[in-house]
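Welcome to this short briefing. Please take a moment to look over the sequence and the structure below, and then we will walk through them topic by topic.

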Amino acid sequence: MAITAADVNKLRQETGAGMMDCKKALTEADGDFEKAKEILRKQGQKIADKRADNTTAEGIVLAHVSPDGKSGKVIALACETEPVSKVADFQNLAMTILSTAVATDATDKAGLLATPQADGRSLQDHITDLMGKIGEKVDVSSFETVSADKVVSYIHSNGKLGVLVGLKNTNGTDVTEVGKDIAMQIAAMKPVALDKDGVDATIVEREIEIGKEQARQEGKPEAMLERIAMGKLNKFYKDNTLLNQEFVKDNSLTIAQLLEKTSKGLTVSAFKRVSIG
């Protein structure tokens, strides 16, 4: 049957796919709109399969904190190129993913992506559809949540880095500003853990071995290597664990001291740092 411009435009409005893709799909489907939609979905899946191993170094990070300030969620929607990250369809999908996470109180990525949308299809289906439209890989590269007495979020100016900080023992004190300062500290200084107890054992072992090897290369006696390595490990903890880091705005204070100065007993219970690229 003849495919009219009105038919093509109708399919485009319903799917968001390009004009030529819609025309090809309608032609292949002999004018059947439902078949044409299925063809477009399969096209998205083909692109997803073909580009599965491609690097996604661009995208957008979004965060939301609940009205009571006790829970927060942050998502990173990644793509391959910067122009795609600026497209309205891409940014709208990122906002839909975040709003779905908030509405359903999702706690893990798999559950979030499986959530049905208004049309009955999952978020993952909608991501695949977008891949068919834009021709490159799109992926929720990160999804994190934090719950605490007070949660504060921070999105860096480039829109590709976000932080959630959970504070406890607030004791009725307004800790929003110090929370923002700590979130920016995390963004800039990339701590690997809250304190030394949170550092992965493999990282500790690696740092000890690095310390020993450095001392060995400097000609230190074998009997001293362990002690020297432990000293270097303590320096690693100071530089790379949040509560022990020097506060970037005032290096006379550690983050732990800044918190105690703000309100007695105040501390960080959890943090998440999410970035693109």
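Does Glu136 count as buried or exposed? Glu136 counts as buried, because its relative accessibility is 7%, and the cut-off for buried is under 20%. Keep in mind as you read that this is a predicted model.

**Around Glu136**

- You can find Glu136 in the loop that runs between helix 7 (123-134) and strand 3 (138-147).
- The side chain of Glu136 reaches the backbone nitrogen of Glu80, at 2.7 Å.
- Neighbours within four places in sequence aside, Glu136 is in contact with Ile47, Arg51, Cys79, Glu80, Thr81, Val84 and Met131.

**The nonpolar cores**

- The largest nonpolar core has 24 residues, and the ones that touch the most other members are Ile75, Leu77, Phe90, Ile97, Ile127 and Val138.
- At least two residues of this core come from each of helix 3 (33-50), strand 1 (58-65), strand 2 (71-79), helix 5 (88-104), helix 6 (109-113), helix 7 and strand 3.
- Helix 5 gives the most to this core, with 6 residues.
- Look at Leu77 as an example: leaving aside neighbours within four places in sequence, Leu77 is in contact with Glu58, Gly59, Ile60, Phe90, Leu93, Ala94, Ile97, Val138, Asp139, Val140 and Ile276.
- Another core, of 22 residues, lies apart from the largest one, and its members include Leu167, Ile182, Phe247 and Leu259.

- Cys22, Ala25 and Leu26 are buried in helix 2 (residues 19-28).
- Why do they sit on the same side of helix 2? They are on the same side because they cover an arc of only 95° around the axis.
- The face turned away from the buried side of helix 2 carries the exposed residues Met20, Lys24, Thr27 and Glu28.
- Helix 1 (5-15) and helix 3 are among the elements that cover the buried residues of helix 2.
- After helix 2 comes Asp30, which has a positive phi, near 55°.

**Helix 11, a second case to compare**

- Ile255, Leu258 and Leu259 are the buried residues of helix 11 (residues 255-262).
- They cover an arc of only 95° around the axis, so they lie on the same side of helix 11.
- The cover over the buried residues of helix 11 includes strand 5 (161-168), helix 8 (176-189), strand 6 (246-247), strand 7 (250-254) and strand 8 (267-275).

**The largest pocket**

- The largest pocket holds about 480 Å³ of space.
- Its lining is made of 20 residues, and Glu14, Thr15, His126, Asp129 and Lys133 are those that lie nearest the centre.
- Which elements give two or more residues to the lining of the largest pocket? They are helix 1, helix 3, helix 5 and helix 7.
- Helix 7 provides the largest share of this lining, 5 residues.

**Around Asp239**

- Asp239 belongs to helix 10 (residues 222-240).
- With a relative accessibility of 32%, Asp239 counts as partly exposed.
- The side chains of Asp239 and Lys235 make a polar contact (2.5 Å).
- Asp239 and Met189 are 50 residues apart in sequence, and their C-alpha atoms are 8.5 Å apart in space.

Key
Residues are numbered from 1 along each chain as its sequence is written. This is a predicted model: local features need pLDDT of at least 70, side-chain atom pairs count only at pLDDT 80 or more; totals for chains, interfaces and linings use all residues. Side-chain values use heavy atoms; hydrogens and water are left out. Helices (H or I, at least four residues) and strands (E, at least two) are DSSP runs, numbered from the N terminus. Buried means under 20% relative accessible area, exposed over 50%, partly exposed in between (1.4 Å probe, protein chains only). A polar contact is a pair of N or O atoms within 3.5 Å; within protein, one must be able to donate a hydrogen and the other to accept it, and residues adjacent in sequence count only if both atoms are side-chain atoms. Contact means heavy atoms within 4.5 Å. A nonpolar core is a set of buried Ala, Val, Leu, Ile, Met, Phe, Trp, Tyr and Cys residues joined through side-chain atoms within 4.5 Å. The arc is that of the directions from the helix axis to the C-beta atoms. On a 1 Å grid over the protein atoms alone, a cavity is a set of points where a 1.4 Å probe fits but cannot get out, and a pocket is an open set with protein on both sides within 12 Å along at least five of seven lines; lining residues have an atom within 4 Å of a point. Grid points are joined across faces, edges and corners, and a volume is the space filled by probe spheres set on the points.
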